[in-house]
Amino acid sequence: MEIHLNRVDYIQVGVTSLKTMKLLPALGKKATQKVAVADHDGVLTCFGMKKGEAVPVFKTLPGPKISRMDLGGAAGTPQEKIFVCSGSQVRGFTKKGKLFLTFEANLTESINAMHVLGADLFVCASYIYNHYCDCKDQHYYLSGDKINDITCLSSENLSRPVPVLACQDRVLRVLQGSELAYDVEVPGPPSVLELYNKDGGNVTDFSTGEEILYGTTDGKIGLVQIGESAAAIKWEIDNDKKKGGILCIDTYDIMGDGVNDILVGRDDGTVEVFGFDSASEPTLRFEHVLSESVTSIQGGCVGKESYDEVLTATYTGWVTGLTTEPQKAEAGPGDKVRMSKEIQSKVEALRAELEQLQVKVLQGREQYQQTSQSTTAVSAVPVFSINDKFTLSQDDASYSLTLEVQTAIDNLLLQSDVPIDLLDVDKNSAVVSFSECDSEPNGNFLLATYRCQANTTRLELRVRSIEGQYGTLQAYITPRLQPKTCQVRQYQIKPLSLHQRTHSIDQERPMNRLSLVGQFSFAEIHSWVVFCLPEVPEKTPAGESITFYFHNTFLGTQLEATYCKGEGHFKSDNVSTISILSDVLSKEATKRKMNLNISYDINDDSVSHTLKMIHPKLEYQLLLARKVQLIDALKELQVHEGNPDFLIPEYRNILDESASLLEEYKKQPAHLERLYGMITDLFIDKFKFKGQNVKTKVSSLLEILDNYDLNSLLDFFNEA
């Protein structure tokens with residue numbers, strides 16, 4: 001069963017944060033609902049639709065940026081009180097816009113997640129969770145990693161409200177009072193939580209618990225059943241099509257089949273509706289792509305009575321509906337299409353508005369011309385906000401850099417002081433040009449300019465770094481604003497940049513060990529680990545010691561880091577990982593004039609194990625390169641002979657697949673060189689720990705790689 005939804009734009013407010021748009025409960029069964037939306041200017045706007053026009057109910061005065069919104073009310077009554085948080089302050093408004101609550105949470109950091117339940121208020125700042133009841137402190141919890149979202153389960157089945165935190169370290173933490181009851185491992189860093197069916201689920205067996213939907217920053221969605229002492233994951237939807245990360249989720253029966261559907265908004269502008277098939281498995285029923293990230297999503301009835309719709313708010317503040325109401329009148333040949341009075345008045349109003357805007361623009365231009373020639377006028381730099389994200393993608397071991405600006409981007413300059421590859425992105429329509437760099441004296445390895453097409457507000461780039469080479473990637477963003485202005489954003493490329501946090505590793509693999517002992521504090525060694533590895537929380541963990549697990553997204557090798565005050569132990573099945581860690585850690589200690597005692601335990605079996613892990617990737621890339629080399633010659637033969645039937649089947653296949661082979665080869669420009677580089681590093685590192693310098697033998701190694709055979713490579717490593 002498919003569904004057709006039509007897009008309608010309602011109003012535009014300022015730049016919005018996640019979860020800052022809500023639908024107030026309807027007064028009647030099929031009545032339209034009011035919309036409350038809050039923005040970075042600190043303005044809370046509430047509006048309803050009348051005769052196709054957005055009519056404001058109330059609008060607050062500008063103030064500090066509003067970061068979250070939630071609806072609340074006394075238990076058993078309609079949840080129509082609007083709560084917003086800005087900084088560490090929570091304010092409550094009635095549906096008419098009257099301020100009835102101002103509560104200062106006295107947190108040192110700004111609130112970034114909030115949930116309201118009756119008289120209970122749950123707020124989270126970066127690492128801190130606080131629970132207030134009637135504005136009095138109840139519970140407090142310090143999380144091990146950043147908290148991205150919070151929700152709270154409450155129902156007759158549970159003896160108490162159960163808060164659930166979505167934390168950056170790929171865990172949902174379920175709390176009991178001020179203590180951690182248990183945690184649930186999820187496949188990616190969870191960015192958003194939503195109660196399934198709003199009241200927490202349709203569980204028939206009362207003892208089992210309640211259901212929560214989660215969305216991750218790498219685009220996966222799942223349903224977890226939360227009990228008081230344990231949880232079970234019911235289903236997960238993978239992100240096979242490499243769509244954006246999940247920013248917002250809601251549940252609403254838009255299909256009208258009596259089962260709540262799942263509405264999803266992503267950071268690449270995709271809006272999705274998942275329905276359930278007869279086996280209760282979620283299936284995609286509808287998809288629509290907006291041009292910017294979707295920060296809030298709600299299901300309800302806004303534009304016209306009895307017509308359900310999916311309402312979204314985007315980063316730049318557009319409130320847009322995808323409605324079931326048909327928007328187009330169809331006519332056959334010879335038919336006349338009559339415009340209703342409503343549409344006629346709408347068209348006239350739009351024309352009048354256009355004329356007013358044109359006059360305003362002309363006046364603005366004249367004023368600008370006058371002030372630009374004046375001697376006393378001061379030029380002010382226009383301020384614009386940028387929404388940026390720099391994340392490691394697990395599938396192809398590359399970093400995705402997403403930049404979103406509230407106005408159109410004119411150009412983007414990328415500069416890096418470490419060697420990185422720029423990979424092709426299908427969605428990216430900008431024209432890229434590279435400039436020559438003098439890498440040696442100034443350490444400038446990349447200078448690339450992206451010139452954007454008109455009205456591009458969002459740009460996505462992919463880069464791949466080399467482990468062991470660390471530094472900074474800088475993006476200079478210039479929007480189409482007058483006077484010309486530019487903002488710089490910096491992104492750290494870490495020594496072990498292709499490693500990603502994981503919940504556990506395979507202890508059976510042959511491991512190499514690196515141990516450090518010295519006069520350093522727990523905070524100092526933690527800051528070194530943060531410097532070396534991505535996805536480690538900046539705050540020093542609570543407790544005496546900590547263990548983190550990582551896996552290398554490019555090769556699949558793994559790393560275990562355990563450390564405490566005065567000592568650190570690192571285990572990996574890849575010698576090169578241990579070598580990079582040892583170099584960087586000893587450099588950091590030398591900077592602080594600290595004496596370190598470093599010891600190694602190198603397992604020779606691990607080298608052949610790593611080579612066997614590289615083998616399938618290398619074999620595939622060599623075969624791809626060989627096929628691409630043959631394409632031109634085969635095409636020439638085909639032109640001469642007229643048809644390719646005389647070729648052997650293998651060559652005919654290459655001709656048939658030539659377009660996809662070339663595209664794949666273009667997407668991974670230096671893949672083969674990277675693999676060669678890793679094998680060379682592995683060779684040098686293996687003998688470095690034995691105190692031998694084998695750089696003279698590298699040329700013989702490259703000869704073996706050109707005529708690649710796994711056994712001869714293993715023999716070379718063992719005999720050298």
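Modeller: A salt bridge is a side-chain nitrogen of Lys or Arg within 4 Å of a carboxyl oxygen of Asp or Glu. The model is predicted, so local features need pLDDT of at least 70 and side-chain atom pairs count only at pLDDT 80 or more, while totals for chains, interfaces and linings use all residues. Residues are numbered from 1 along each chain as its sequence is written, and side-chain values use heavy atoms, with hydrogens and water left out.

Biologist: What makes the contact between Lys 234 and Glu 211 a salt bridge?

Modeller: The N to O distance between these side chains is 2.5 Å. The limit is 4 Å, so the pair qualifies as a salt bridge. Lys 234 belongs to strand 21 (residues 231-237) and Glu 211 to strand 19 (residues 210-216), and the two residues are 23 residues apart. Strands here are DSSP runs of E with at least two residues, helices are runs of H or I with at least four residues, and both are numbered from the N terminus.

Biologist: Why is Glu 211 called buried?

Modeller: Buried means under 20% relative accessible area, exposed means over 50%, and partly exposed lies in between (1.4 Å probe, protein chains only). Glu 211 has 4% relative accessibility, and therefore counts as buried. Lys 234, at 43%, counts as partly exposed.

Biologist: Why are Lys 690 and Asp 604 called partly exposed?

Modeller: The relative accessible area is 43% for Lys 690 and 39% for Asp 604. Both values fall between the two cut-offs, so the term applies to each residue. Their side chains meet in a salt bridge, at 3.5 Å from N to O.

Biologist: How many salt bridges does a search of the whole structure find?

Modeller: The search finds 29 salt bridges. Lys 243, Arg 266, Glu 272 and Glu 287 are linked in a network of them.
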